[in-house]
Amino acid sequence: MIVNRVTLLGNKDHGKSTLIGSLLINTGSVSEQRINDAKKTSKKLGRQFEPGYILDSFQEERENEMTIDTTRAQVKYKSTGFEFIDVPGHEELMKNMLSGASYADFALLIVSAKKDEGITEQTKRHLFVAKLMGINKIIVAVNKLDSVNYDEARFEEITDGIKQYLNKIGFKSESINFVPISAYNSENLVKKSKKIKWYGGSSLIDTLVALSNSRKESSHGKSMVLLQGVSEDDSRSVFGKVLSGSIRKNQRITIQPEGHTSLIKSIFVSGRRSAKATAGNVVTLELDRAVKEGIKGSVACADRDACRVGSSINVLFFDTKPLKGKLSIKMNSVEIPCRKAEVMRSISVATGETKEKGSIKPLQAAYIRLSLGKKIAFEDFEKVPELGRFVMYSDRKFAGIGVVHN
Amino acid sequence: MIKQDIKSLEERSIYVMREAKSNFKNVAALWSMGKDSTAMLAIARKAFHGKVPFPVIHIDNGIDFPETYEFRESLAKKWKLNLIVGNSVIKPEMSGYACCGANKTVALKKILKEYGFDALIVSIRRDEHGIRAKERVFSPRNKDFKWNYKDQAAELWDNYSSNDDSDGHIRVHPLLDWNEVDIWNYIRKEKVPMNPLYFSRNGYRYRSLGCTHCTTPVKSNAKDINQIIKELEVTDTEERAGRDQDKEREFVMEKLRALGYM
């Protein structure tokens with residue numbers, strides 16, 4: 001079964017963990033034992049049972065009623081598989097939120113309808129980051145509707161606010177589903193709620209099923225293999241993963257950024273000899289000549305112009321820490337020193353407004369030009385995600401994420 | 001329990017093990033002779049041209065099951081494994097938490113120091129325990145084996161942690177995405193040799209294997225892999241139910257992992 005990975009998004013305390021916990025319980029996806037364990041903990045802490053405890057397993061998480069680090073839980077419903085990725089909603093835990101969300105196929109944004117909660121700057125920030133990461137399918141769950149008596153006007157208010165923001169940041173909002181729920185009371189999660197009569201759409205999980213069935217893979221046709229290393233027994237054998245297109249035996253390839261050419265003598269797919277390999281396959285390529293160490297992160301291309309090569313890249317960057325001291329980026333686990341980061345346009349994540357120049361500030365975004373310490377093989381994030389996304393380090397500390405943009 | 005696509009799980013695990021091999025100087029794997037770490041070795045053989053290119057460590061407390069020792073010897077020979085046995089000493093007054101936390105970890109520390117391993121492949125899975133679901137694929141440990149779970153490194157888009165702490169090491173978790181049933185599907189498909197204790201005898205079988213002191217069998221009539229897979233489709237019991245409860249209780253696993261438990 002193919003499992004659809006769904007990241008939760010949204011402000012702290014708007015109910016991400018509670019929602020996943022409720023979904024797990026309502027679909028029978030979690031054992032009695034695990035539920036009982038969570039119940040016992042609630043009791044011990046002198047609190048009412050909270051479904052989020054099924055996800056929040058660290059002592060500190062349960063005691064402080066917050067998610068510190070990302071976790072995952074699987075649900076099967078009507079022969080569709082989901083893996084929910086829970087993430088922390090706190091600003092200072094952005095690195096953990098980013099780590100979790102980076103694995104997602106689509107996103108489930110939670111906005112609390114409670115008075116004084118609603119759309120916050122963090123709600124917008126999460127949406128912005130989802131867009132940057134290329135997560136184009138989003139469901140917005142308007143939560144805690146019980147606290148406003150399942151008021152339709154409050155639901156519409158939040159719906160309009162989200163749509164306006166999405167338009168500002170260039171997200172097509174027609175494809176986004178808005179679902180009213182109460183996660184704590186299990187309203188409209190699996191069964192359609194009788195308390196929300198004004199809502200004509202499907203329950204949350206049925207909306208997720210519909211979305212997962214409409215998933216389409218986009219494929220960049222050019223043949224390329226991301227190289228991981230050289231076999232320690234034979235320097236003509238390289239390990240890699242086919243990123244797009246396909247490769248076959250006796251094909252000539254160019255390894256970029258080095259520009260060396262070679263002939264593929266044989267191919268092994270997951271250890272078995274094969275005449276060809278296609279996107280997603282992990283391969284061993286036996287070449288006609290020895291390959292030097294240090295090809296990790298290089299790309300073997302059928303067509304030598306399949307990807308771009310250079311040391312200057314334009315990127316859209318989301319910052320989590322002040323950029324200072326020694327900068328470097330990491331792409332496919334290869335660290336590349338970064339000499340200069342020049343802001344072209346800065347973006348206020350809260351408003352979606354951009355302006356010329358400006359500076360890079362934590363929790364804000366910018367279009368920047370990076371001058372790298374050496375040439376790399378790269379491509380636009382939209383064309384080949386694996387060659388167009390990176391993490392930034394500032395004095396060896398995680399400082400943000402970026403994607404190659406034109 | 002969801003049955004996932006084992007072909008893509010295998011591809012992912014191969015990718016992760018190759019990352020471990022190319023990112024570190026001196027990699028080793030833990031092998032308990034259980035189903036997960038044995039499946040991991042089968043995947044390693046596919047990743048690296050039919051051989052396991054790193055030493056495998058068994059932390060032996062001398063009280064594993066006889067079947068487990070037999071299985072160790074036969075597979076080590078068949079797959080030409082570079083087996084390192086680290087002896088931990090069992091003290092009669094210890095059990096559960098204290099035993100695993102102290103004994104096994106001490107023995108492992110000694111081996112890591114002696115051989116200078118900078119990365120350790122460990123076959124844990126997210127679906128085993130809420131705490132394990134919080135793990136990263138590459139997870140740093142300091143010299144005391146401490147897991148800094150309150151401040152884990154960012155891990156996104158196949159950008160994994162490097163070993164910045166020269167006294168520490170990285171735990172590599174290639175099977176994190178697998179479910180228990182996926183492991184069995186894989187064992188069936190790839191005909192991976194298996195420890196006989198997993199199969200039912202006299203109405204009982206071991207679902208999760210530890211040492212003789214802390215593991216008890218669960219009621220089961222599953223005599224072969226097909227029957228185990230069928231059983232897993234309907235069971236509501238946790239996989240580790242047969243493990244000493246002292247070790248599985250809330251927050252104890254967390255403390256054990258923070259101390260370096262596998």
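Biologist: Which residues touch the most other members in the largest nonpolar core?

Modeller: This is a predicted model, in which local features need pLDDT of at least 70 and side-chain atom pairs count only at pLDDT 80 or more, while totals for chains, interfaces and linings use all residues. Residues are numbered from 1 along each chain as its sequence is written, and chains are lettered from A and ligands numbered from 1 in the order in which they are written. In soluble globular proteins, nonpolar side chains tend to be buried together. A nonpolar core is a set of buried Ala, Val, Leu, Ile, Met, Phe, Trp, Tyr and Cys residues joined through C-beta atoms within 7 Å; buried means that 20 or more other C-beta atoms lie within 10 Å of a residue's own, with C-beta atoms placed from the backbone. Here the largest core has 180 residues, and Ala141(A), Val142(A), Val225(A), Val299(A) and Ile121(B) touch the most other members. Strand S20 (residues 365–378) of chain A gives this core its largest share, eight residues; strands (E, at least two residues) are DSSP runs, numbered from the N terminus.

Biologist: What is Val225(A) in contact with, leaving aside its neighbours within four places in sequence?

Modeller: Contact requires C-beta atoms, placed from the backbone, within 7 Å. Among the partners of Val225(A) are Val242(A), Leu243(A), Ile247(A) and Val299(A).

Biologist: In which sense do S2(A) and S3(A) pair?

Modeller: Pairing requires at least two DSSP bridges between two strands. Strand S2 (residues 71–77) and strand S3 (residues 80–86) of chain A are antiparallel over seven bridges, with Lys76(A) opposite Gly81(A). Two residues separate the strands of this hairpin, where Lys78(A) has a positive phi near 45°. Five of the seven residues of S2(A) are buried.

Terms used. A residue is buried if 20 or more other C-beta atoms lie within 10 Å of its own, exposed if 12 or fewer, and partly exposed in between; C-beta atoms are placed from the backbone. Helices (H or I, at least four residues) and strands (E, at least two) are DSSP runs, numbered from the N terminus. Two residues are in contact if their C-beta atoms, placed from the backbone, lie within 7 Å.
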